[in-house]
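Me: I'd like to learn how to read helix packing and aromatic contacts in a model. Can we work through one?

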Amino acid sequence: MVEMNGLSQPAHLSPVDLNSMRAKTLGDYLKSRRARLQPEQAGLAKTHGQRRTPGLRREEVAILAGVSATYYTFLEQGREVAVSREVIESIGRALQMSPDEHTHLLGLWNGNEPEMALPITSEITQPWRDIVNQMAFPAFITNDRAELLAWNTSVDKYVLDYTSRAPEQRNMMFSLFTDPEMRARLINWEEMAAHSVAIFRTSYDRYTHDPWFPKFVDDLSKESSEFASLWELHHVEAKRVTRVYYQLPDQEQAIAYDINSLSFTLDHPDLHLCIYSPVKEQES
């Protein structure tokens with residue numbers, strides 16, 4: 001990886017390599033969704049005896065989706081086969097995907113089309129830093145790697161003191177799972193951990209060309225067994241308003257915030273402006 005004008009450029013890959021990686025990502029995703037769905041949930045007759053396959057069998061998904069077992073097997077194996085939108089949506093329905101999972105599936109399917117890989121933004125301009133600093137409550141800007149690029153003093157006070165940490169330690173996903181201070185402050189840590197991993201999975205699957213993501217996941221999995229367990233679930237979720245509860249050691253009551261995540265600009269779609277809005281006592 002090389003840095004150019006604040007943008008992290010992925011290693012060059014040919015269109016053939018990119019398509020192969022995208023096909024494998026799609027196959028892994030389908031396999032994970034199949035493994036969590038039981039025959040009874042899909043309306044299939046309960047089988048007697050022990051099933052060797054967790055969840056549905058490939059041929060069962062194929063029947064539910066109206067495609068051949070061989071065709072569906074090729075998809076799960078990551079082979080580059082032509083897939084229409086009608087077929088991919090039929091498979092999504094067969095696997096009973098949630099709206100967020102369905103959107104993610106379509107994104108992986110569209111990934112089979114050749115396209116320019118977007119770079120990751122690693123620096124932002126001073127005016128945006130000034131905007132974040134002017135906010136009274138916690139506010140920060142991150143990229144799709146969960147790297148913290150700008151934050152205000154309220155983040156240091158309530159979330160974690162990132163100002164005192166080295167630049168390489170300013171990754172919110174890594175802090176969430178490895179920093180005991182952040183965990184102690186965040187009352188609903190389990191809920192936020194699961195939600196954050198599901199969001200990060202969408203980025204991971206989007207940047208199949210970027211070797212940074214698998215290395216980061218491998219490193220964090222070694223540091224945190226809780227992250228590793230959540231990662232294996234392969235859950236995906238879109239960013240939405242999320243409520244968090246923070247409590248500092250010298251406070252008797254927790255403070256509730258709603259996190260509003262806003263997309264940045266068309267020039268930098270990987271950036272997200274997160275603003276904490278305090279929740280009134282009667283709503284908490």
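Reply: Start with handedness. A crossing is left-handed if the near helix is turned anticlockwise from the far one by less than a right angle, and right-handed if clockwise. Keep in mind that this is a predicted model.

Me: Which hand does the crossing of H4 and H5 have?

Reply: H4 and H5 cross in the right-handed sense. Helix H4 spans residues 85-94 and helix H5 residues 99-110. They pack at about 145°, with axes 10 Å apart.

Me: Which residues of H4 and H5 make the contact?

Reply: H4 supplies Arg85, Ile88, Glu89 and Gly92. H5 supplies His102, Leu105, Leu106 and Trp109. By class, that contact has four nonpolar, two polar and two charged residues.

Me: Now the rings. How many aromatic pairs are there?

Reply: Rings pair if their centres lie within 6.5 Å, and planes over 60 degrees apart count as edge-to-face. The count by this rule is 18 aromatic pairs. Take Phe177 and Phe227: their ring centres are 5.4 Å apart and their planes are at 75°, so the pair is edge-to-face. Phe177 lies in helix H8 and Phe227 in helix H12, so this pair ties together parts 50 residues apart in sequence.

Me: Are Phe177 and Phe227 buried or exposed?

Reply: Phe177 is buried, at 7% relative accessible area. Phe227 is buried too, at 0%.

Me: Which rings are linked into a cluster?

Reply: Ring pairs link a set including Phe174, Phe177, Trp189, Phe227 and Trp231.

Me: Where do Arg183 and Arg201 lie?

Reply: Arg183 lies over the face of Trp189, 3.7 Å from the ring centre. Arg201 lies over the face of Trp231, at 3.7 Å from the ring centre.

How values were computed: Residues numbered from 1 in each chain as written. Predicted model: local features only at pLDDT ≥ 70, side-chain atom pairs only at ≥ 80, totals over all residues. Heavy atoms only, no water. Axes fitted to C-alpha atoms, helices over the stretch in contact; angles between N-to-C directions. Helix = DSSP H or I, 4+ residues; strand = E, 2+ residues; numbered from the N terminus. Contact = heavy atoms within 4.5 Å. Nonpolar A, V, L, I, M, F, W, Y, C, P; charged D, E, K, R; others polar. Phe/Tyr/Trp six-rings, centres within 6.5 Å; stacked < 30°, edge-to-face > 60°. Buried < 20%, exposed > 50% of the residue type's maximum accessible area, 1.4 Å probe, protein only. Lys NZ or Arg CZ within 6 Å of the ring centre and 35° of its normal.
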